[in-house]
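Me: I would like to learn how to read the features of a structure such as this one, step by step. Could you take me through it?

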Amino acid sequence: MTLVNSILLFIGSLGELLYGMHLMSDGVQKSAGEKLQRALAKLTGNPFIGLITGLLITMIIQSSGATTVMVISFINAGLLTLTQSVGVIFGANIGTTITAWIVSLFGFNFKISTFALPIFGLGFFLTLIKDSRSKNIGEAIMGFGLLFLGLSGLSDVFTFDAENLTFLSKIQSWGIFSILIAVFVGIVITALMHSSSAFSAIVITMAFNGIITWETACAMTLGSNIGSTIDAILAGFGSCADARRSAIIHVMFNVFGTILALLFFKPFINFVSWLTPSNNIAIKLAMLHTVFKTLNTILLFPFTNQLVSITKVLIKDDKIDALKTYNLEFIDTGFGKESTAMHIIRIEKEIADMSDVVSEMFDNLQIGFINRDDTFVKNNMVVLANQEEYCDQMHEKLEQYIVKCQQLSITESQRGSLSNMVQIVDELEAMSDQCYSTAILVERSIKKSMVFPMDDMEQLLPYIELARQFMQFIHININKHLEPEKQAFAQELEEQIDEYRKKLKRLARKRLEEGADVKSELLYLDLTRHIEKIGDHAFTISELLSQVR
């Protein structure tokens, strides 16, 4: 029964540790994650700034996996370049060592369980406050408490008599093979747990209680660095070429460092021991973790461009398939590393891309009004048809993506943003339909050789120019909050388009009364109606943008 109790206690304590880390990371990301992620998305091209940003963000959310998944998602969305991502990944690897220091400095210097329960209780009471920010902070504090409860339980599990652990002594006496086995164990268990930080806590606990030697603990810690790349590998599936390259760089960083450390294993761990002012094995392991990541970064950081070049050889560029098939994958590693804020940033990028396509459609359409001849039909109609089909695909995929986001744990503000996004996507798709429908009318007038008086066309061109201005206004301000003065400008454009259409309708009716061709005039009225509809959709988007915060 003692063995069964120990196994059950281990499972429960490990669950507390993992859930505590997840809850703490999730709480921090909910309360400040969106700002952190937007800071990450707006990095400059300076890799050193990227390194500092990756380090700080990972120290805050205590998950290099979460930071790496964010980076890969941002690359896939076009928000970060591959070169920018390298510094962030390096910084994230250093930042993740904070957990080892927390465990080593606080986990064994006092009775953790004495403080863990009050901390957990404080966090729980904060979650009862209606304010969403307090709830998120409360979740983070609850996670902090659970993390130390888990550590306390693990400490109890790994307190055995040395006589019962003779098998470990045998394995640890196999020389180089024992080191390699320990590295392999570190790789496998970390990959299964999806957390090098959690595994490091377990290794530190086992070493502190004398279950494993200093050398075995070092080897297992080195192995955990390779196992921690599993999240990057999973996030890379289905992503663009640069996103997969970023995942490969993350793997290369950890594999290179581990191999190098194993080649100089004895000198390396002796150097760590010399650096550590204390003989406390927990502090020595935390130091090893930090020294390994830091030295690895110092060695590889100057070769950022070379690493990028290597990955471009390993992974070929994506095939350019211009506006034929639109793909948007909802990346989910399945271990709570996703956050709605990250997905919202991705959706904003896709909406901006959709706005690009609609704007290009209108530009192509405008050519038909300026040069109403067979050249327009030959050069632009197929392009417009492809663009309209592509917008339909974007509409469908984006709405599916947003629905999946709405099923995540989200704040009321995020729920409102996602709801607005659905409507904006609907309006953009409707604008693409109107552009194509208008182009078909222009095509019909060309094929049927309909003749419009020069004055009629000259009257139409300023009207189309107003709609183009409105389209560009939306395109420039997409995903931004419209201040009252900008919304007033949108209102003015809408009113000008409406007034101009009334004027054109009156002129068309007057021409009909004077005996003009009925089919030509009815088509002319249809053209003015479609252009007005485009303006209506643009105005609806402006109203939605005025609600964005």
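**Reading rings, helices and surroundings**

Reply: Let us begin with an aromatic cluster, which here is formed by Phe 90, Phe 253 and Phe 301. The model is a predicted one, in which local features need pLDDT of at least 70 and side-chain atom pairs count only at pLDDT 80 or more, while totals for chains, interfaces and linings use all residues. Residues are numbered from 1 along each chain as its sequence is written, and side-chain values use heavy atoms, with hydrogens and water left out.

Me: How many aromatic pairs does a search of the whole structure find, and how is the pair of Phe 124 and Phe 125 classed?

Reply: A pair of aromatic rings is described by the distance of the centres and the angle of the planes. Rings of Phe, Tyr and Trp (its six-membered ring) pair if their centres lie within 6.5 Å, and planes under 30 degrees apart count as stacked, over 60 as edge-to-face and the rest as tilted. The search of the whole structure gives eight aromatic pairs. For Phe 124 and Phe 125 the ring centres are 5.8 Å apart and the planes stand at 65°, so this pair is edge-to-face.

Me: Are Phe 124 and Phe 125 buried or exposed?

Reply: Buried means under 20% relative accessible area, exposed over 50%, and partly exposed in between (1.4 Å probe, protein chains only). Phe 124 has 39% relative accessibility and therefore counts as partly exposed, whereas Phe 125, with a relative accessible area of 56%, is exposed.

Me: Which charged residues sit over the rings of Trp 214 and Tyr 500?

Reply: A charge sits over a ring if NZ of Lys or CZ of Arg is within 6 Å of the ring centre and within 35 degrees of the ring normal. Lys 284 lies over the face of Trp 214, at 4.5 Å from the ring centre, and the charged end of Lys 503 is placed over the ring of Tyr 500, 5.2 Å from its centre.

Me: What describes the packing of α18 and α19?

Reply: Two packed helices are described by the angle between their axes and the distance between the axes. Helices (H or I, at least four residues) and strands (E, at least two) are DSSP runs, numbered from the N terminus; axes are lines fitted to C-alpha atoms, for helices over the stretch in contact, and angles run from 0 to 180 degrees between N-to-C directions. The axes of α18 (residues 374–406) and α19 (residues 412–447) come within 9 Å and cross at roughly 165°. Angles under 35 degrees count as roughly parallel, over 145 as roughly antiparallel, 65 to 115 as roughly perpendicular and the rest as oblique, and α18 and α19 are therefore roughly antiparallel to each other.

Me: Where are Glu 388 and Lys 447, and is each buried or exposed?

Reply: Glu 388 belongs to helix α18 and, at 13% relative accessibility, counts as buried; its C-alpha atom is separated by 8.0 Å from that of Met 361, 27 residues apart along the chain. Lys 447 is found in helix α19 and counts as exposed at 58% relative accessibility, with 8.6 Å between its C-alpha atom and that of Asp 373, 74 residues apart along the chain.

Me: What is the phi of Asn 479, and where is this residue placed?

Reply: Asn 479 has a positive phi of about 70° although it is not a glycine. The residue lies in the loop between α20 (454–477) and α21 (484–513), and at 22% relative accessibility Asn 479 counts as partly exposed.
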